[in-house]
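Subject: Structure handover

Hello,

Here is the structure I said I would pass on. My notes on it follow below the model.

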Amino acid sequence: MNAIKDSVHDWITLSPVATDLLDTPAFQRLRHIKQLSTIRLVYPSASHTRFEHSLGVYHLAEQALSHLRVDGERADHVRAAALLHDVGHGPYGHQTEEVIMRRAGRHHDEIGDVIEDTGIADVLRQHDLSPSRVAALVRGEGELGQLVSGELDVDRMDYLVRDAHHTGVPYGSIDHGRLVRSLRYRDGELVLAEGNVRTAESLLLARGLMNGIVYRHHVSRIAGSMLERAADRLLDGENDVGIEEFARMADHDLLVALGEHVPDLGDRIERRDLYKRTVWADLSDTPAHLLELEHEDERAAERDIAERAGVDESEVIVDVPRRPSMKESNARVVVDGVVQRLEEASGLVTAIRQAQRDGWRLGVYAPEQEREEVASAAVDVLGLPDRVRR
């Protein structure tokens, strides 16, 4: 058994199959994909990678399986799925996920083709593990798939603690040890044992605070939107970069490609010379139809705003995030012997949900020198009140 020193979980012991999987090029690529992508432009110490996060998820899965008394080949498949759950990520992780989804039609947790095409499947078969079964667990399928991808999965238990540790903020600090020890199966559902409503609330609260303070920080949103537009232009341009090559890039590969083919945005991202907020509108100021804008609708709005402002189309970005949601509120907890959803058992859920809504913002971004013209045009085109101008 090999062991790796981790900044969050101390020593992580690796099984023989985990050791072999770590040595595959597809897994080593995760060393070069930062866990917090453009958020590190806000929190400079957040330089941790999906490689170490994947090791942490593997470690917590190992602990959870032990407490749930799951062993043998069932546990072996879950451990492999926990370790490999992020190998389907493209460069900059979630920041390019929509680009890959639109063009390749797959989500990052759909790793079946990735593991078959990269040699990972051969390693799994050498250890008598089924690649298709591992891929299904990563998608969250079946009873044990809930441990890898679900409301109480070990993925979020690791990233909340790890992201808080590396950003230096206290808001994601959860008692993952208690969470893991409190996991139970009831009629095929992964739940928290009796007496753990507050434990579940801590997970929900940590995610809510991290969303508002870290994950949705406006600087990261601006950089992420610029990155997405630059990626689209890269893939639409006259070069030899296709979507499959793009999806297998590491962060630095994408920066190099953008610097070569989309230098106006690529160089800005690399230098942190970012666009500025021209409009920043909350839910109450945003017309309902804008909440339903699709990708092409946002691009059309950008063209309209740019034309009215008299600026180049590439200098306007409209950023309409999805409606606020809290997957964790669907976590199951046992209360007086009955399994309930957390939102039914906790009055705190309503308050956190309202806080999420209060923190939602529609953004329009442009270079500093174009702020006034773009703000005026965006208010007119989008039908926003003038007070949302920055």
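How much space lies in the second largest cavity? About 30 Å³. Before the rest, two remarks on the source. This is a predicted model, in which local features need pLDDT of at least 70 and side-chain atom pairs count only at pLDDT 80 or more, while totals for chains, interfaces and linings use all residues. Residues are numbered from 1 along each chain as its sequence is written, and side-chain values use heavy atoms, with hydrogens and water left out.

Cavities

A cavity is a set of points on a 1 Å grid over the protein atoms alone where a 1.4 Å probe fits but cannot get out; a pocket is an open set with protein on both sides within 12 Å along at least five of seven lines; lining residues have an atom within 4 Å of a point. A volume is the space filled by probe spheres set on the points, which are joined across faces, edges and corners.

The structure holds 2 cavities of 30 Å³ or more. The second largest cavity has S15, V17, A18, L21, Y58, D76, R79, A80 and L83 in its lining. Two or more of these residues come from each of α1 (16–22) and α4 (72–84), and α4 gives the largest share, 4 residues. Helices (H or I, at least four residues) and strands (E, at least two) are DSSP runs, numbered from the N terminus. By class this lining has 6 nonpolar, 1 polar and 2 charged residues. Here Ala, Val, Leu, Ile, Met, Phe, Trp, Tyr, Cys and Pro count as nonpolar, Asp, Glu, Lys and Arg as charged, and the others, Gly among them, as polar.

Among the residues lining it are G88, H89, H107 and H108, and its lining divides into 1 nonpolar, 6 polar and 2 charged residues.

A pocket

The second largest pocket holds about 300 Å³ of space. Of its 16 lining residues, R229, D232, R233, R299 and E313 lie nearest the centre. At least two lining residues come from each of α5 (97–104), α13 (218–236) and α17 (295–309), with α17 supplying the largest share, 5 residues. The lining has 11 charged, 3 nonpolar and 2 polar residues.

Strand β9

All 5 of the 5 residues of β9 (residues 362–366) are buried, so this strand is largely enclosed by the rest of the structure. Buried means under 20% relative accessible area, exposed over 50%, and partly exposed in between (1.4 Å probe, protein chains only). L362, V364 and A366 point one way from β9, and G363 and Y365 point the other way.

Strands pair if DSSP finds at least two bridges between them. β9 pairs in the antiparallel sense with β5 (residues 276–281) over 5 bridges and with β6 (residues 317–319) over 3 bridges. V364 is the bridge partner of V279 and also stands opposite V318.

An open sheet

Another 4 strands form an open sheet of mixed pairing, in the order β3-β4-β7-β8. β3 (183–186) and β8 (338–341) are at the edges with a single partner strand each, so one side of each is left without a neighbour in the sheet. β3 pairs with β4 (residues 189–192) in the antiparallel sense over 4 bridges, and L183 stands opposite L192.

Regards
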